[in-house]
Amino acid sequence: MDESNKDYLKGAIESLFFVSDKPVTLEQFQEALETIPPGDIKALIQELKDDYDKGLRGMVIAEIAGGYQMLSSPEYAVFIRNFFKTRVKEKLSRPALETLAIIAYKQPMARSDIEMIRGVNSDGVVLHLLDKGLIKIVGRKDVPGRPYLYGTAKLFLEYFGLKSLKDLPKLEDFPALQPGVETPGTVNPAPDAGTAPRDLESVPDAPASPAEESGQPDTGSPESIEAAEARAASQAGFQDPAEPAEPENAMDLKRVMEEMSESQPEADSATDSPAAGGRVDEPREVSAEEKTMES
């Protein structure tokens, strides 16, 4: 590939970055660039990224959530804040961030597990995060009732500018969060401005929304947390019922009956066997009087 063609393709990639408000995957680049192999596209993205990093440019290219995204440079964050200081941005409340952190670090988790850690009912907060698409249904817990399990969604990575969950801050880096450690007055450090997607901001001390406090979604509909879970599970493609299907129960019953029959003494006839639905009497001692009558 000659230099002129390479520069042309880098300009094409740059234009795709500019028009996309979400991370762009290699597959999306290949679909737009058509004849360019994925390996060449990845190399061009890396060259473009290096070009931005070397010069004092106002934009950077970061790998986020399985794709690539153009973001504002942290060097100029103060000017961007001044420019958008009157702009109203959606913020996550402290309960929402707390619940989101629990799910992110300990996923998959059921609602009951989240509430055990937080010590309060979390239906409203979970419903709010589910409605925003930051969390999703990932399965069911293998306990009676089989409650839904939650995990973080792809939007979570995009929101916080993470390449994957491996890029989450290590809990060891926050002594205040370690068991038995109290550091009054500690303020959580602000996230790196260079990794935060544009137009997205999270403020820990934002007040809880009415939806979080009431347990209802933002749409204003009287949807319960159970209905929201069922809807989210259906959208995620989970078709398994809350309880095992009848054939599975029948197989379990048959297995238990076979185990019982193996543990019981052999019957004198087939009609007295458990498999035939008969009855097996418990063995008892024969008295001396009965022995005399038999003889």
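**Exercise 1. In which helix does R118 lie, and how is its side chain placed?**

Before the solution, note that this is a predicted model, in which local features need pLDDT of at least 70 and side-chain atom pairs count only at pLDDT 80 or more, while totals for chains, interfaces and linings use all residues. Residues are numbered from 1 along each chain as its sequence is written, and side-chain values use heavy atoms, with hydrogens and water left out.

*Solution.* Step one is to locate the residue: R118 belongs to helix α6, which covers residues 111-118, where helices (H or I, at least four residues) and strands (E, at least two) are DSSP runs numbered from the N terminus. Step two is accessibility: R118 counts as buried because its relative accessibility is 18%, given that buried means under 20% relative accessible area, exposed over 50% and partly exposed in between, with a 1.4 Å probe and protein chains only. Step three is the partner: the side chains of R118 and E98 are joined by a polar contact of 2.7 Å. A polar contact is a pair of N or O atoms within 3.5 Å; within protein, one must be able to donate a hydrogen and the other to accept it, and residues adjacent in sequence count only if both atoms are side-chain atoms. Step four widens the view: apart from neighbours within four places in sequence, R118 is in contact (heavy atoms within 4.5 Å) with P95, E98, T99, I102 and V125.

**Exercise 2. Describe how α6 and α7 cross, and which residues meet.**

*Solution.* Begin with the geometry: the axes of α6 and α7 come within 10 Å and cross at roughly 125 degrees. Axes here are lines fitted to C-alpha atoms, for helices over the stretch in contact, and angles run from 0 to 180 degrees between N-to-C directions. That angle makes α6 oblique to α7, since angles under 35 degrees count as roughly parallel, over 145 as roughly antiparallel, 65 to 115 as roughly perpendicular and the rest as oblique. Finally, identify the residues: R111, I114, E115 and R118 of α6 meet D123, V125 and V126 of α7.

**Exercise 3. Which residues of the largest nonpolar core touch the most other members, and which element gives the most to this core?**

*Solution.* A nonpolar core is a set of buried Ala, Val, Leu, Ile, Met, Phe, Trp, Tyr and Cys residues joined through side-chain atoms within 4.5 Å. The largest one holds 33 residues, of which L92, L100, L129, I135, Y150 and F156 touch the most other members. Elements that each supply at least two residues include α5 (94-106), α7 (123-132) and β3 (135-140), and α5 gives the most, with six residues. Taking L100 as an example, and not counting residues up to four places away in sequence, its partners are L92, L129, L134, I135, F156 and F160. A second, separate core of 15 residues includes I36, I41, I45 and I61.

**Exercise 4. Is Q69 buried or exposed, and what about P74?**

*Solution.* Q69, found in strand β2 (residues 67-72), counts as buried because its relative accessibility is 3%. A polar atom of the Q69 side chain lies 3.3 Å from the backbone oxygen of D21. P74, by contrast, sits in the loop between β2 and α4 (77-83) and is partly exposed, with a relative accessible area of 36%.
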